[in-house]
Amino acid sequence: MGDYKNMWENLDMDLDKHDILCSALPESFGEIYLTQKNRPESMNYFNYALAEVHGARIEELQKSKENGKKVVGTFCVFVPDEVIFAADAIGVGLCSGSQFWIEDGEKVLPRNLCPLVKAFVGAKISRTCPYFQSCNMLVGETTCDGKKKAYEILQEYMPIHVMDLPQMKKEKDFEQWQQEIKIFIKRMEELTQNKVTVKRLKEGIRLANRKRAVLKRLYDLRKNIPSPISGLDALLVSQVAFMDDPDRFITKTEQLCDELEERVKNQIPNTKKRIMITGTPMAIPNWKLHSIVEALDAEIVVEETCTGTRYFENQVSDKGNTLDELIKNIAQRYLNIHCACFTPNTGRMEDILEYVKEYKIDGVIYYNLSFCHTYAIEYKQVEKILKDKDIPLLNIETDYSEEDIGQIKTRIEAFLEMI
Ligand code: BJ8
């Protein structure tokens, strides 16, 4: 990474603390990622994006801001990118997967809370995340209780707009979600001073669709036996998607897919166990579960998570001549994301069974971040549907610390032997 000290200083960051954070990342990335054998050449771009995640990308954001653009930070895949694009703003994902920020998060939050929430709050209050420091506004959403209440703390630090996400999927909920999208459009227009027109919203829809399509293409390639890309690398691509410039991300991921398509032509089938992960998201630099599983010579071929299929499944129709029609299309797509914060959430069960077939899954690992109650409770339903189909399932509840790595490894080893 280059020398960005001045930029970080201008962003009012805690430089000493940030140095400690930056010193740990290259080592763990090197150990986990760069030791993999036979990686696709095109992963070099994603290595670079990760290496410069606090550098070159932040510099780009500052330049865009100097040219009048606004940056908004988001925490959930329910916040429609289409609206952010249509308002000519830049969206960045702020969920964090780093243990580094837990200590600061626990200064203002209870310890027995989801690490994802503690980490993003810790990132803000410690002034060590240049993405937070670059944002003009945050966009939250009423999903789980931990997030909802954490936004009340964050609003003491910077402006935040919270979208009221329904908790059910009745007709009235679709209508309510359309209203929420309209309110969000208004707020984005105020922030950016740009009008969200039919033309701009259509362009935003098309850009978000292209981004989803390329991720879908990548995941479809993972259906091959063997998958032409490791689960670790695919996870990195998904994680970079939340930070990167969308057009560049699409181009680089298309290049990666082209390379993988060539690989598929010359591959010899292997006997590695094919694993699906289902559950809570894995934000940068949370590579814990993937690195354990793949070091044990199994391959993760799909993630039914928000850093996986929930982020890109289903497109938004761009058919319509009015804002209302387009907003309805957006609401339809987003309210069909199957997060455990909804009740009931039967769509998730259908998705899991579908992926078992499509990706030819040998076993499923249920990944639950500690204290995420909605996903923990939904485990029983997933267990039932998979048991009915004789699909082996392992439940892993963990946080971002390294203390339980040995224990998780032992359990996964036994699981892989069993399947
Ligand atoms: S759509 S999974 S991104 S809410 S893991 S913070 S739910 S306690 S991240 Fe999520 Fe949106 Fe749902 Fe996806 Fe709360 Fe659970 Fe923590 Fe979570």
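Visitor: What does the lining of the second largest pocket hold, by class?
Guide: Eight nonpolar, eight polar and nine charged residues. Here Ala, Val, Leu, Ile, Met, Phe, Trp, Tyr, Cys and Pro count as nonpolar, Asp, Glu, Lys and Arg as charged, and the others, Gly among them, as polar. Mind you, this is a predicted model, where local features need pLDDT of at least 70 and side-chain atom pairs 80 or more, while totals for chains, interfaces and linings use all residues. Numbering runs from 1 along each chain, and side-chain values use heavy atoms, without hydrogens or water.

Visitor: What makes a residue part of that lining?
Guide: An atom within 4 Å of a pocket point, the pocket being an open set on a 1 Å grid over the protein atoms alone, where a 1.4 Å probe fits, with protein on both sides within 12 Å along at least five of seven lines. That gives 25 residues, with Gln 36, Lys 37, Ser 230, Lys 272 and Glu 294 nearest the centre.

Visitor: Why is α2 called oblique to α12?
Guide: The axes (lines fitted to C-alpha atoms over the stretch in contact, angles 0 to 180 degrees between N-to-C directions) of α2, residues 15-34, and α12, residues 231-241, come within 10 Å and cross at roughly 130 degrees. Both helices are DSSP runs (H or I, at least four residues), numbered from the N terminus. Under 35 would be roughly parallel, over 145 roughly antiparallel and 65 to 115 roughly perpendicular, the rest being oblique, so α2 is oblique to α12.

Visitor: Which residues of α2 make the contact?
Guide: Phe 29, Ile 32 and Tyr 33, contact being heavy atoms within 4.5 Å.

Conventions:
Helices (H or I, at least four residues) and strands (E, at least two) are DSSP runs, numbered from the N terminus.
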